[in-house]
Amino acid sequence: MSALEAPLFGDQIAASRLSERFYALGAEKLLRLAIEDLFPGRVALVSSFGADSAVLLHMVAQIDKATPVLFLDTLHLFPETLAYRDALVARLGLTQVITLKPDPKELAKQDPENFLWSSDPDRCCALRKAAPLAKALANYDAWITGRKRFQAATRAALPLFESDGPRLKLNPLATWTQADMTAYFAAHALPPHPLVAKNFLSIGCLPCTSPVRPGEDVRAGRWRGRGKTECGVHLPSMLEAGADI
Ligand code: SF4
């Protein structure tokens, strides 16, 4: 059975088989395979327009500038991130960047004082990230993330393909290193996120992101001191319940 004949959705065995088969393909060819052959018109890149995002955005733009790009605006983002998004979209010529925002009625009900990030960050991420993303992903069979193994110990075993409920999730940069990322930025003269120069190496929402100190994981500045390492969009139960990036 070829990879294209394999059942692709909701099947961890199929995801593992795809990971093994395409392990050596490389990120750009893997993206082309996903966008043009495996899921034409049915796959979206989910991007935070953060510290590393320009790499995947650039690759996708080389393949098809109309590839859907989903951007979660939690309404707690750094103004620098919004400006960087606009600059990158213009530079790369992406034509289908879709900004997702939390439901205003749910915001008024669950977070009327905009302080849930402090009192209950898991609920805040569920409300401002996981719920809008789950709703948007209903339109797709697969989604692409920019996660990498080197980012944190919790991502050390990240596969290329994952089963994600009824969808498949692709992590084309899973095996990339920080040196690979830096080299790609340089080779394509990609602009850095303005906060990287201030040691923000993983950039989420303003209240929950701090600079990274020498020797720390690149994600050490996220929810510092809160015992939280992920926003929850990569936990299938949260997405399925409608409950990072
Ligand atoms: S990262 Fe912080 S502010 Fe952003 S959605 Fe999660 S808890 Fe809320």
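In strand β5, Phe161 and Ser163 point one way while Glu162 and Asp164 point the other way, and all of these residues are buried. The structure is a predicted model, with a mean pLDDT of 89 over the chain and 90% of the residues at 70 or more. The secondary structure comprises nine helices and six strands. Of the 245 residues in the chain, 42% count as buried.

**The sheet and its strands**

- The six strands form an open sheet with mixed pairing, in the order β3-β2-β1-β4-β6-β5. At its edges are β3 (97–100) and β5 (161–164), each of which pairs on one side only. Neighbouring strands of the sheet are turned against each other by 30 degrees on average, direction ignored.
- In general, strands of a sheet pair through backbone hydrogen bonds, in either a parallel or an antiparallel manner.
- The parallel sense is found between β1 and β2, which pair over two bridges. Val46 has Leu70 of β2 as its bridge partner.
- The antiparallel sense is found between β5 and strand β6 (residues 167–170), which pair over four bridges. Phe161 has Leu170 of β6 as its bridge partner.
- β5 and β6 form a hairpin with two residues between them, and Gly165 in the turn has a positive phi of about 60 degrees.
- The two-way arrangement of the β5 residues may be read beside a general rule: in a regular strand the side chains alternate between the two faces of the sheet.

**Surroundings of the ligand**

- The ligand is surrounded by 13 residues, of which Trp117, Cys124, Cys125, Cys205 and Cys208 are the closest.
- Helix α7 (residues 121–137) supplies the largest share of this shell, with five residues.
- By residue class, the shell holds eight nonpolar, three polar and two charged residues.
- Cys208, one of the closest residues to the ligand, is 90 residues along the chain from Ser118, and their C-alpha atoms are separated by 8.7 Å.
- Ser118 itself lies in helix α6. Ser118 counts as exposed because 12 other C-beta atoms lie within 10 Å.

**A mostly covered helix**

- Helix α3 (residues 54–63) is mostly covered, with eight of its ten residues buried.
- The buried residues of α3 are Ala54, Val55, Leu56, Leu57, His58, Met59, Val60 and Ala61.
- The elements that cover these buried residues include the helices α2 (27–38), α4 (79–92) and α8 (178–187). Strands also contribute to the cover, among them β1 (43–46), β2 (69–72) and β4 (142–144).

- Glu80 is found in helix α4. Glu80 counts as partly exposed because it has 17 C-beta neighbours inside 10 Å.
- Although Glu80 and Pro194 are 114 residues apart in sequence, their C-alpha atoms are 6.6 Å apart in space.
- Leaving aside residues up to four places away in sequence, Glu80 touches His193, Pro194 and Leu195.

- Asn114 is not a glycine, yet has a positive phi of about 55 degrees. Its place is in the loop between α5 (104–110) and α6 (116–119). Asn114 counts as exposed because it has 12 C-beta neighbours inside 10 Å.
- Asn199 likewise has a positive phi, near 70 degrees, in a residue other than glycine. Asn199 is found in the loop between α8 and α9 (236–240). Asn199 is partly exposed because 13 other C-beta atoms lie within 10 Å.

- Where pLDDT is low, the predicted coordinates should not be read in detail.

How values were computed. Residues are numbered from 1 along each chain as its sequence is written. This is a predicted model: local features need pLDDT of at least 70, side-chain atom pairs count only at pLDDT 80 or more; totals for chains, interfaces and linings use all residues. A residue is near a molecule or strand if its C-beta atom, placed from the backbone, lies within 6 Å of it. Ala, Val, Leu, Ile, Met, Phe, Trp, Tyr, Cys and Pro count as nonpolar, Asp, Glu, Lys and Arg as charged, and the others, Gly among them, as polar. A residue is buried if 20 or more other C-beta atoms lie within 10 Å of its own, exposed if 12 or fewer, and partly exposed in between; C-beta atoms are placed from the backbone. Two residues are in contact if their C-beta atoms, placed from the backbone, lie within 7 Å. pLDDT is the predictor's confidence in each residue, from 0 to 100. Two strands pair if DSSP finds at least two bridges between them. Axes are lines fitted to C-alpha atoms, for helices over the stretch in contact, and angles run from 0 to 180 degrees between N-to-C directions.
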